[in-house]
Amino acid sequence: MKIVIANDDGYNAPGIEALYHALADLGDITVIAPESNCSGSSNSLTLNRPLSVQKAHNGFYYVNGTPSDCIHIALTGLLDFRPDLIVSGINNGANMGDDTLYSGTVAAAMEGHLFGIPALAFSLIEKGWAHLDTAAHVARELVLKTRTQPLEPGTLLNVNIPSVPLTALNGYAVTRLGKRHPAEPVVKSTTPYGDPIYWIGPVGKAVDFALETDFGATQNLQVSVTPLRFDLTDHQQLASTEAWIQG
């Protein structure tokens with residue numbers, strides 16, 4: 001297998017190191033990741049300046065851009081082959097429910113999805129890297145599964161792993177996205193010169209955490225696997241929107 005690994009926490013994050021070592025013997029691995037933390041960057045591409053690609057001492061490529069930049073560059077110019085799989089992560093914190101729209105981890109996998117390449121995004125639901133070995137084991141297990149049961153082209157799976165010992169996991173659950181309450185208010189402050197500044201507030205609490213959701217599954221200590229797609233069209237509202245336009 002030819003596998004490309006990316007993330008949004010940066011090329012020197014513990015999560016991407018653990019992911020690389022978990023997959024290293026499963027095929028030809030190329031790691032390309034942002035130079036610095038790009039959490040919350042979503043699917044943004046850098047269009048207002050050129051990007052540079054450097055190679056670190058450990059062989060990882062790093063880009064002074066976003067996770068989407070990394071995969072886009074890899075697929076359209078850096079690599080002389082088409083990967084069999086894009087793998088993103090392991091993220092330092094959950095990417096569930098509404099968070100997937102902001103996630104750079106999911107965005108890197110999404111970029112592969114847009115090119116028709118199967119992709120998996122892995123996140124450890126608690127920040128701080130506790131039980132990172134559990135997440136690495138899960139990632140290896142699922143990538144191994146793609147060798148015996150290949151995914152359809154363009155499949156995108158968002159995987160969230162409870163931060164518990166491997167023996168505490170309750171298996172896998174295929175889930176839908178849950179939903180959070182709107183985020184907490186911004187934190188207001190001022191610069192030393194008296195100018196107002198704002199820090200984005202913390203995420204809200206989960207309000208849709210039914211068992212069949214990603215929130216519900218991880219609360220039940222299951223690995224949540226959610227198939228995603230890029231099509232954001234609200235198909236149920238096509239007819240009513242047509243009626244509104246024509247009315």
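**Close-up views of a predicted model**

**View 1. The largest nonpolar core of this predicted model.** Within this core of 34 residues, the members that touch the most others are Ile5, Leu19, Val87, Ile90, Phe122, Val143 and Val159. At least two core residues each are supplied by strand 1 (2-6), helix 1 (14-23), strand 2 (28-34), strand 5, strand 6 (119-124), helix 4 (132-148), strand 7 (156-161) and strand 13 (223-228), and the largest share, seven residues, comes from helix 4. Apart from this core lies another one of 19 residues, which includes Ile32, Ile71, Leu79 and Ile86.

**View 2. The surroundings of leucine 19.** When neighbours within four places in sequence are left aside, leucine 19 is in contact with Ile5, Val87, Ser88, Gly89, Ile90, Phe122 and Ala139. Among these partners, Ile5, Val87, Ile90 and Phe122 are listed, as is Leu19 itself, with the core residues that touch the most other members.

**View 3. Serine 41 in the loop between strand 2 and strand 3 (53-55).** Serine 41 counts as buried because its relative accessibility is 17%, where the limit for that term is under 20%. Its side chain reaches the backbone oxygen of cysteine 38 at 2.8 Å, and, leaving aside neighbours within four places in sequence, serine 41 is in contact with Thr66, Pro67, Tyr102 and Gly104.

**View 4. Tyrosine 102 and a nonpolar surface patch.** Tyrosine 102, one of the residues in contact with serine 41, is placed in the loop between strand 5 (85-92) and helix 3 (104-114). With a relative accessible area of 55%, tyrosine 102 is exposed, and together with Leu101 and Leu232 it makes a nonpolar surface patch of about 390 Å².

How values were computed:
Residues numbered from 1 in each chain as written. Predicted model: local features only at pLDDT ≥ 70, side-chain atom pairs only at ≥ 80, totals over all residues. Heavy atoms only, no water. Patch = residues over 30% accessible without salt bridge, like charges linked within 9 Å, V, L, I, M, F, W, Y side chains within 5 Å. Areas by Shrake-Rupley, 256 points an atom, 1.4 Å probe, with all protein chains shown as cover. Salt bridge = Lys/Arg side-chain N within 4 Å of Asp/Glu carboxyl O. Helix = DSSP H or I, 4+ residues; strand = E, 2+ residues; numbered from the N terminus. Buried < 20%, exposed > 50% of the residue type's maximum accessible area, 1.4 Å probe, protein only. Core = buried A, V, L, I, M, F, W, Y, C linked by side-chain atoms within 4.5 Å. Contact = heavy atoms within 4.5 Å. Polar contact = N/O pair within 3.5 Å; in protein donor to acceptor, adjacent residues only side chain to side chain.
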